[in-house]
Amino acid sequence: RKKRFDIGQNERSNPEPWHPSTDEAIKEVLQGPVVGRCQDLEKQYFRLTSAPNPDSVRPLEVLEKTLDHLKRKWRKEKNYSYICDQFKSLRQDLTVQHIKNEFSVNVYEIHARIALERQDLSEYNQCQTQLRALYSQKLGGHPTEFLAYRVLYFLHTSNRTDMNDVLADLTPTDKKDLAVKHALNVRSALALCNYHRFFQLYLETPNMGAYLMDMFVGRERLAALSNICKAYKPDVRLRFITEELGFESDEETARFVCEHNGQAFLQQRPDGVTLLTDKARLFFEPVVKAAFIKADMKTPG
């Protein structure tokens, strides 16, 4: 998705033309906003290597039309690679013109939601970082919605340091918001190993938080399944696991067990499928440890 200008090489007999460095280009941009003149709704994203040309930058009134155009394209075509490229170009035009207003917030929020839907955490994090700066300027938008996403994201990455920073900054008003309250309840349920409550909350996630929870619900299901194997002996009906771990059907539960190589512990009986918990207990413990080690490796330093 990242494309750069193709800067050609001159022959040795000709002196090589001077190109400003990226830092110099940024300084030029920071000296004053560009006033765009481009009227194109669609424009491919290129990383800047020099001061932007006003003829290739779209002014605010064109960018507003571009956003409406991109929303229609996304709903109709669902082409994420194209939409992501177009949103990056839109965001760049906002940046070089120093446009920071409610429209800017709207652009970053929409791009962040689309990135969440496609589990593109790189783009989501870029948008979330800019949104925090924009929210601090009281420019509108949905700050508590994205605050809830931050809590869920740090649960996904097991990032306790940043989680503590978020918790310390919460205001009484923040805590009353439905989405924030839900995210804090998810954190509390995991801290207490209350998996019954956790999977209830998973099925009740507001806004687009479920896309974030989908990223770590698998490892939490493994941990809950391991606990069930320790607590219920010698076996337990698969229907019980389905209900406790928030699966939609017994078939989905059985598929989850098989995906983690536990098919040998499933047994068909006249009254339904059961999991041989006494035999599966030792098998699932290292599987759970491996899942959480993988989560720790994703945690930002």
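Let me begin with Asp 68, which counts as partly exposed because its relative accessibility is 37%. Please keep in mind, as I go on, that what we are looking at is a predicted model. The side chain of Asp 68 meets that of Lys 71 in a salt bridge, with 3.9 Å from N to O, and the two residues sit three apart in helix α2, which is about one turn of the helix. Lys 71 is partly exposed as well, since its relative accessible area is 28%.

As a general point, side chains of opposite charge can pair when their charged atoms come close. A search of the whole structure finds 15 salt bridges, and I would like to show you a few others.

What does Glu 145 pair with? Its side chain meets that of Arg 113 in a salt bridge, at 3.0 Å from N to O, and this pair links distant parts of the chain, with Glu 145 in helix α6 and Arg 113 in helix α4, 32 residues apart. Glu 145 has a relative accessibility of 9%, so it counts as buried, and Arg 113, at 18%, is therefore counted as buried too, the cut-off being under 20%.

Arg 219 and Glu 220 form another salt bridge, their closest N and O atoms being 3.3 Å apart; Arg 219 is buried at 9% relative accessibility, and Glu 220 is buried at 4%. There is also a network of salt bridges that links Lys 43, Arg 58 and Asp 93.

Arg 58 brings us to Gly 36, because Arg 58 is among the residues that Gly 36 touches, together with Pro 54, Val 57, Pro 59 and Gln 97, if we leave out residues up to four places away in sequence. Gly 36 lies in the loop between α1 and α2, and its C-alpha atom is 4.4 Å from that of Val 57, although the two are 21 residues apart along the chain.

Helix α6 gives the most to its lining, with three residues, and the lining residues divide into five nonpolar, four polar and no charged. Among them are Tyr 149, Leu 152, His 182 and Asn 207.

Note on methods: Residues numbered from 1 in each chain as written. Predicted model: local features only at pLDDT ≥ 70, side-chain atom pairs only at ≥ 80, totals over all residues. Heavy atoms only, no water. 1 Å grid on protein atoms, 1.4 Å probe; cavity = no way out; pocket = protein on both sides within 12 Å on 5 of 7 lines; lining within 4 Å. Helix = DSSP H or I, 4+ residues; strand = E, 2+ residues; numbered from the N terminus. Nonpolar A, V, L, I, M, F, W, Y, C, P; charged D, E, K, R; others polar. Buried < 20%, exposed > 50% of the residue type's maximum accessible area, 1.4 Å probe, protein only. Contact = heavy atoms within 4.5 Å. Salt bridge = Lys/Arg side-chain N within 4 Å of Asp/Glu carboxyl O.
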